Amino acid sequence: MRFRHRAAAGFATLLLPLAGLAGLGPAQAATWESPQASATVSGGATASFTKTSDWGTGFGGQWTVKNTGTSSISSWTIEWDFPSGTSVTSAWDADVTGSGTHWTAKNKSYNGTIAPGAAVSFGFNGAGPGSPSNCKLNGDSCDGTTVPGDAAPSAPGTPAASSVTDTSVKLAWSAATDDKGVKNYDVLRDGAKVATVTTTSYTDTGLTAGTDYSYTVQARDTADQTGPVSGAVKVHTTGGGTTPPPTGDKVKLGYFTEWGIYGRNYNVKNLVTSGSAAKITHINYAFGNVTNGQCAIGDSYADYDKAFTADQSVSGVADTWDQPLRGNFNQLRQLKAKYPNIKVLWSFGGWTWSGGFAQAAANPTAFAQSCYNLVEDPRWADVFDGIDIDWEYPNACGLTCDTSGAAAYKNLMAALRAKFGSSNLVTSAVTADGSAGGKIEAADYAGAAQYVDWYNVMTYDFFGAWDAKGPTAPHSPLTSYSGIPKEGFTTADALGKFKAIGVPAKKLLIGIGFYGRGWTGVTQDAPGGTATGPAAGTYEQGIEDYKVLKTSCPATGTVAGTAYAHCGSNWWSYDTPATIAGKMAWAKNQGLGGAFFWEFSGDTSNGELVNAISSNL
């Protein structure tokens with residue numbers, strides 16, 4: 001549970017044609033096996049639906065928009081109806097909203113433009129047995145024919161904001177126009193619908209103090225056609241912390257360990273005093289246990305019972321014996337009040353507790369329910385924004401060996417997404433074994449990618465003193481190099497393999513270790529030397545925090561984008577601010593979604609490694 005040791009260690013596609021869908025009755029509409037119908041295209045674009053998977057109580061779906069015309073399409077909107085009891089529970093690569101049985105999907109900023117002959121797709125998870133009907137693409141039929149006699153409404157005026165408080169804002173806008181009349185307006189906060197009103201004003205409540213929001217409005221006519229969104233108004237609620245959120249759209253995530261408050265004396269408050277809290281976007285709280293097929297508390301005393309003194313507390317106020325919540329959870333709550341942009345996920349499993357996933361995989365639905373019940377416990381539901389799964393390793397060996405099968409991981413992640421829905425983050429720490437026939441190939445990571453917001457690829461611990469006699473090698477090489485002990489054990493190989501199997505680059509985070517791994521009995525300065533065993537470490541043989549190594553054994557060279565140090569008879573490899581800068585530049589060039597690190601307490605008291613990630617990403 002303390003450190004991850006070695007990181008190296010389908011459904012048939014059924015197509016539903018949209019041509020002529022409006023004339024189908026309920027029995028016909030539920031027939032997923034219909035052959036693809038041909039359509040006469042006059043509108044310049046078509047939309048088709050594919051059912052990608054089905055798990056009984058729900059299904060996976062994909063819409064594809066194809067530009068069949070000769071001019072580029074700048075944006076697209078798909079509308080359809082589901083029968084009662086069928087709904088969208090989560091979606092990706094499109095903004096999907098629902099009103100009753102009517103559903104609308106709009107392009108993201110990055111996939112609205114479609115060149116002639118090209119196509120884009122987005123996916124979603126659905127609940128219930130139904131299938132779509134009455135499809136429209138940009139107001140016309142999805143088979144490319146024009147819907148006559150009924151134009152979509154115009155865009156309403158850009159909302160004006162007034163009466164802004166810590167938790168609310170009043171919005172007002174000028175009316176839209178329509179040939180058949182406007183029925184109502186959808187109010188969108190940060191692109192997601194928060195209300196439907198019949199008037200031209202709305203007061204949004206329940207906001208977070210000191211936070212930025214963006215509002216737009218969209219009209220719907222009496223035929224349930226939606227028009228274009230209005231211009232956006234930006235609102236900053238009053239109050240809250242004074243530190244602005246990190247800029248950019250990259251994930252900057254750090255692990256906080258529940259046991260760090262003991263011997264390491266590293267508390268949530270250290271994130272504030274080091275300056276790290278102002279430079280991150282997400283925290284993974286590690287670890288919750290996985291036992292008896294369920295998610296369980298890891299350390300109840302550290303999690304929600306320990307009383308922190310005033311000097312240890314984020315708020316500067318001491319815990320009392322009778323307050324409803326103490327421990328790390330309450331400290332994380334205080335941190336989020338001070339830095340409302342930070343999202344916190346509860347990570348389950350890890351090196352020590354991954355053996356419990358085999359039983360969990362036997363009943364993914366029950367496992368997901370147990371995790372949801374624990375994460376959303378009313379005592380701390382506001383602390384967590386989602387769940388992270390650290391299974392080391394599905395259908396392969398870590399501390400223990402798993403034989404659940406290649407599909408077990410995908411099934412587990414599908415059940416978690418179905419239960420946690422689109423409002424929560426679902427992420428996972430995954431192997432970085434990019435070797436031929438390695439751990440990436442042991443499980444269906446490509447199939448599971450549709451259910452996760454991102455993968456934390458553990459691109460560290462490739463080499464270490466578990467091979468007591470060496471050869472010495474950097475534990476976190478970015479690329480291969482002459483003499484590397486095993487091909488495929490590099491960051492570039494791992495991330496390249498994930499992308500090759502179809503995982504989007506934006507769903508991959510590069511991993512950085514805030515520690516070094518080392519050997520003793522080494523006489524050779526360059527990598528590849530022999531050793532007699534692991535070098536001494538503060539908490540564990542063969543491993544040491546960066547904050548110690550930077551002065552006790554300064555770097556003497558670099559190899560494959562990682563620093564190494566030879567001091568006396570010890571040989572260490574670790575990342576420095578300079579090598580992190582190089583890795584962040586590489587990550588940006590690869591189009592990755594961001595970076596994560598293990599873990600906060602290995603950094604210096606002024607957070608120089610966190611700063612290197614943030615400033616270079």
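Does N292 count as buried, partly exposed or exposed, and at what relative accessibility? With a relative accessibility of 59%, N292 counts as exposed, where exposed means over 50% relative accessible area, buried under 20%, and partly exposed in between (1.4 Å probe, protein chains only).

## Basis of the model

This is a predicted model, in which local features need pLDDT of at least 70 and side-chain atom pairs count only at pLDDT 80 or more, while totals for chains, interfaces and linings use all residues. Residues are numbered from 1 along each chain as its sequence is written, and side-chain values use heavy atoms, with hydrogens and water left out.

## Overall form

The chain contains 13 helices and 32 strands, these being DSSP runs numbered from the N terminus (helices: H or I, at least four residues; strands: E, at least two). Its radius of gyration is 26 Å, close to the 25 Å that the globule rule gives for 617 residues, so the chain is as compact as a globular protein of that length; the radius is taken over C-alpha atoms, and the rule is 2.2 Å times the number of residues to the power 0.38. Along the principal axes, the C-alpha atoms fill a box of roughly 85 × 55 × 45 Å.

Of the 617 residues in the chain, 54% are buried. The chain exposes about 23,100 Å², of which carbon and sulfur atoms supply 52%, the areas coming from the Shrake-Rupley method with a 1.4 Å probe and, for residues, with only the protein chains shown counting as cover. The mean positions of the 42 positive and 50 negative charges are 2 Å apart; Lys and Arg count as positive and Asp and Glu as negative, whereas His and the chain ends are not counted, and each charge is placed at NZ of Lys, CZ of Arg, CG of Asp or CD of Glu.

An open sheet is formed by 4 strands in the order 14-13-16-17, with antiparallel pairing; two strands pair if DSSP finds at least two bridges between them. Its edge strands, each pairing on one side only, are strand 14 (192–197) and strand 17 (233–236). From one strand to the next the twist averages 30 degrees, with axes fitted as lines to C-alpha atoms (for helices over the stretch in contact) and angles running from 0 to 180 degrees between N-to-C directions.

Strand 16 (residues 212–221) is joined to strand 17 by 4 bridges, and here D212 stands opposite H236, while S214 has K234 as its bridge partner. Strand 13 (residues 182–189) pairs with strand 16 in the antiparallel sense over 7 bridges, with L188 opposite T216. Because 9 of its 10 residues are buried, strand 16 is largely enclosed by the rest of the structure.

## Backbone exceptions

Most residues other than glycine have a negative phi, and most peptide bonds are trans. Another cis bond leads from G470 to P471, with omega near 5 degrees; P471 lies in the loop between strand 24 (454–457) and helix 10 (491–500).

Positive phi values occur at N265, where the angle is near 55 degrees, and at N292, where it is about 55 degrees. N265 belongs to the loop between strand 18 (251–257) and helix 2 (269–273), whereas the exposed N292 lies in the loop between strand 19 and strand 20 (294–296).
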